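Visitor: Please show the sequence and the structure first, so that the discussion can refer to both.

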Amino acid sequence: MNRINECLQQFKSQGRKALVGYIVSGDPFLDATLPAMHKLVAEGVDIIELGIPFSDPMADGPVIQLAHERALANNVSLTDTLAVVTEFRKTNSYTPVILMGYANPVERMGYKAFASLAKNSGIDGILTVDLPPEEALGLNVELKSVGIENIFLLAPSTTIERANMIVNMAGGFLYYVSLNGVTGAGNLDIDSVAAKVTELRGLTDLPICVGFGIKDAESAAAVGNLADGVVIGSVLVKQAQLLAELGTDAVVEGMGGVVKPIRAALDALV
Amino acid sequence: MSNDNQSSINTNLPDAAGHFGIFGGRFVSETLIPALDELNELYQRLKDDPDFQAEFDKDLAHYVGRPSPLYFAERWTRELGGAQIYLKREDLNHTGAHKVNNTIGQALLAKYTGKKRVIAETGAGQHGVATATVCARLGLECVVYMGAEDVQRQKLNVYRMKLLGAKVVSVTSGSKTLKDAMNEALRDWATNVDNTFYIIGTAAGPHPYPQLVRDFQCVIGREARHQCLNQTGKLPDALVACVGGGSNAIGLFHPFLEDKDVAMYGVEAGGLGVETGKHAAPLNDGIPGVLHGNRTYLMEDENGQIIDTHSVSAGLDYPGVGPEHSWLKDVGRAKYVAINDDEALAAFRKTTLVEGIMPALETSHALAYVEKLAPTMRPDQIIICNLSGRGDKDILTVAELDGITV
């Protein structure tokens with residue numbers, strides 16, 4: 001069974017909430033990514049979402065845009081990203097790792113080559129922001145053949161008809177984008193998230209994780225009350241921006257420090 | 001000039017999902033898909049609606065000043081000593097370029113949606129000006145995203161947009177040019193999708209934009225075809241137009257697609273030379289990939305990262321191209337060539353001196369190719385070149401290259 005499903009099923013049966021942590025591969029340094037992944041896990045991140053650097057991160061706000069720029073300044077590619085996960089798997093065989101990114105680096109590598117290399121690296125899922133279900137059929141075939149889940153986004157604007165179509169194609173979990181906007185935005189509206197999550201529960205048994213705009217223990221707890229998992233990204237990536245000057249150890253510690261109170265808030269919900 | 005290797009091509013593209021062969025489509029985040037569905041439903045309903053078409057035609061006649069003339073460039077033809085050169089004078093449109101044909105059409109669509117806020121991206125500023133213009137006329141709030149580098153090199157257009165009441169946002173991320181302006185416009189749209197209409201300036205982006213921008217620009221080719229038959233008694237032998245995103249080119253080409261003996265040349269920005277890598281010519285030196293909502297030819301590195309482009313003309317300085325051009329290239333119906341900065345600048349001066357027409361630097365790329373093509377053709381043959389925009393906006397750039405402070 002895929003690590004994502006295993007992890008989320010276990011959490012569900014325990015009544016606990018999963019914490020999904022996003023960082024960009026190679027940000028602020030290539031050698032910071034592996035220790036950061038281990039640190040996130042040690043402090044209570046359950047699923048790692050690893051950003052593939054891209055020159056044009058259209059769905060991201062300023063904090064994550066800069067992370068992509070830093071990673072690209074280090075010449076970090078999709079191939080490097082897969083290599084980091086291979087290293088990670090040498091000492092961690094249980095934490096699910098999802099790649100998150102944009103279609104073009106995957107297109108350039110080729111769907112078939114990507115699926116096979118990702119499988120060998122120990123990747124469990126991929127979320128391609130600009131590859132909606134209608135355009136994802138080709139990639140899906142390759143992912144299915146190696147048992148990697150294709151994670152899809154749902155948004156406040158997604159109609160019930162579309163949601164129905166998406167849940168039928170989706171694997172792993174549903175990633176509900178909590179707001180209209182880009183990553184790191186400040187306009188989270190808990191009531192509208194509650195209404196939409198309830199609607200989605202009526203369509204599927206897939207776990208639902210909610211991301212975009214969750215920046216502290218308070219917002220994580222509010223969302224954790226509604227969803228199976230909570231995604232944090234910009235608030236982690238911001239540490240790379242603030243602490244890069246001080247070196248890898250400082251960045252890794254900073255990220256760990258962000259996770260701690262959020263983990264505690266989610267555990268307090270149980 | 002006939003294209004014997006292809007018998008007939010499907011001129012009814014895109015398909016329902018927005019594909020031109022493997023190109024086009026809808027590659028955006030989920031947040032924007034319902035808005036694109038809504039726009040598509042509206043457009044497919046209105047495009048054949050006689051009232052909508054009549055309103056569009058009326059605005060083109062009385063506000064834009066159409067039809068634009070098809071002008072025989074007699075002196076230039078004589079100098080080049082080959083085919084007869086006709087210029088389709090889109091520079092004479094209100095606001096000085098073909099861009100306004102599209103913004104008039106999309107503003108009409110915006111009116112039907114009831115959305116009161118309009119956003120746009122712009123490179124040279126021509127689309128930004130054309131958008132600010134229709135927004136002023138309709139009393140719509142207008143925000144234009146423009147790369148910081150383009151804000152510098154197109155100061156006049158920035159000021160024009162401000163006079164027209166638009167807010168111009170200078171984009172400082174990435175390469176600070178058109179592609180980054182488009183990224184920022186897409187981010188704005190995702191944030192304000194409920195009250196905002198995005199007027200894309202070229203025949204690219206997610207479906208239905210490549211289709212609807214083309215359809216609005218096809219007035220160029222329909223008029224040119226009719227005028228050519230009227231003025232010369234026959235169809236042209238070749239069409240020439242510059243290609244950045246490619247909206248002026250597709251507007252000229254599309255109504256001629258079924259005329260098999262009409263050759264088509266799209267002229268990309270060769271920058272310092274295609275062989276130097278410093279250019280903006282994805283159809284000459286790129287590969288298919290996914291960016292800004294569509295699959296199309298792109299300039300990218302071996303890791304799929306979009307690379308910086310170079311062109312003396314801000315309006316062509318873009319690493320992608322409209323998906324229909326990618327398709328026309330692959331099926332062999334149109335040929336895509338490149339013209340370097342220096343050749344374009346020479347054509348800018350030449351056309352100004354010989355015909356008294358000062359073209360935009362974008363357009364100058366097409367004119368430079370005409371200079372190469374015409375002498376290879378017979379005097380009884382006809383070239384139509386789309387004079388897509390006027391060059392007033394580029395005077396400061398040209399002066400600077402001459403070392404002159406105006």
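Visitor: Is A:Phe212 buried or exposed?
Guide: The relative accessibility of A:Phe212 is 9%. This comes from a predicted model, in which local features need pLDDT of at least 70, side-chain atom pairs count only at pLDDT 80 or more, and totals for chains, interfaces and linings use all residues. Residues are numbered from 1 along each chain as its sequence is written, chains are lettered from A and ligands numbered from 1 in the order in which they are written, and side-chain values use heavy atoms, hydrogens and water being left out. Buried means under 20% relative accessible area, exposed over 50% and partly exposed in between (1.4 Å probe, protein chains only), so A:Phe212 counts as buried.

Visitor: What is the phi of A:Phe212?
Guide: A:Phe212 sits in the loop between strand 8 (208-211) and helix 10 (217-224) of chain A; helices (H or I, at least four residues) and strands (E, at least two) are DSSP runs, numbered from the N terminus. Most residues other than glycine have a negative phi. A:Phe212 is not a glycine, yet its phi is positive, at about 80°.

Visitor: Is B:Lys176 buried, partly exposed or exposed?
Guide: B:Lys176 belongs to the loop between strand 7 (167-171) and helix 8 of chain B. Its phi is also positive in a residue other than glycine, near 60°. With a relative accessibility of 33%, B:Lys176 counts as partly exposed.

Visitor: Which residue is joined to B:His207 by a cis peptide bond?
Guide: Most peptide bonds are trans. One cis bond joins B:Arg66 and B:Pro67, with omega about 0°, and B:Pro67 lies in the loop between helix 2 (50-64) and strand 3 (70-72) of chain B. For B:His207, omega is about 10° and the partner in the cis bond is B:Pro208.

Visitor: How many salt bridges are counted between chain A and chain B?
Guide: The contact (heavy atoms within 4.5 Å) takes 36 residues from chain A and 37 from chain B. One salt bridge (a side-chain nitrogen of Lys or Arg within 4 Å of a carboxyl oxygen of Asp or Glu) pairs A:Glu107 with B:Arg295, whose closest N and O atoms are 2.5 Å apart. The count between the two chains is 5.

Visitor: What area is buried between chain A and chain B?
Guide: Buried area is the accessible area (1.4 Å probe) that two parts lose on being put together, summed over both. Carbon and sulfur atoms give 47% of the area here, and the total is about 2,800 Å².

Visitor: Which helix of chain A gives the most residues to the side that touches chain B?
Guide: Across this interface there are 22 residue pairs in polar contact, both residues at pLDDT 80 or more. Helix 3 (62-73), helix 5 (103-109), strand 6 (152-154) and helix 8 (160-169) of chain A each supply at least two residues of the side that touches chain B. With 5 residues, the element of chain A that gives the most is helix 5. A polar contact is a pair of N or O atoms within 3.5 Å; within protein, one must be able to donate a hydrogen and the other to accept it, and residues adjacent in sequence count only if both atoms are side-chain atoms, and the element asked for remains helix 5.

Visitor: How far apart are the centres of the two domains of chain B?
Guide: Chain B is divided into domain 1 (19-59 + 99-213) and domain 2 (65-96 + 217-401), with bounds from an automatic or database domain assignment. In contact are 40 residues of domain 1 and 43 residues of domain 2. Taken over C-alpha atoms, the separation of the centres is 22 Å.

Visitor: Which residue meets B:Asp317 in a salt bridge?
Guide: Domain 1 and domain 2 of chain B bury about 3,300 Å² between them, 58% of it on carbon and sulfur atoms. The interface of these domains holds 1 salt bridge. At 2.8 Å, N to O, the side chain of B:Asp317 meets that of B:Arg153.

Visitor: What is the relative accessibility of B:Gln106?
Guide: B:Gln106 lies in helix 4 (residues 99-113) of chain B. Beyond its neighbours within four places in sequence, its contacts include B:Phe197, B:Tyr209 and B:Phe216. B:Gln106 counts as buried because its relative accessibility is 0%.
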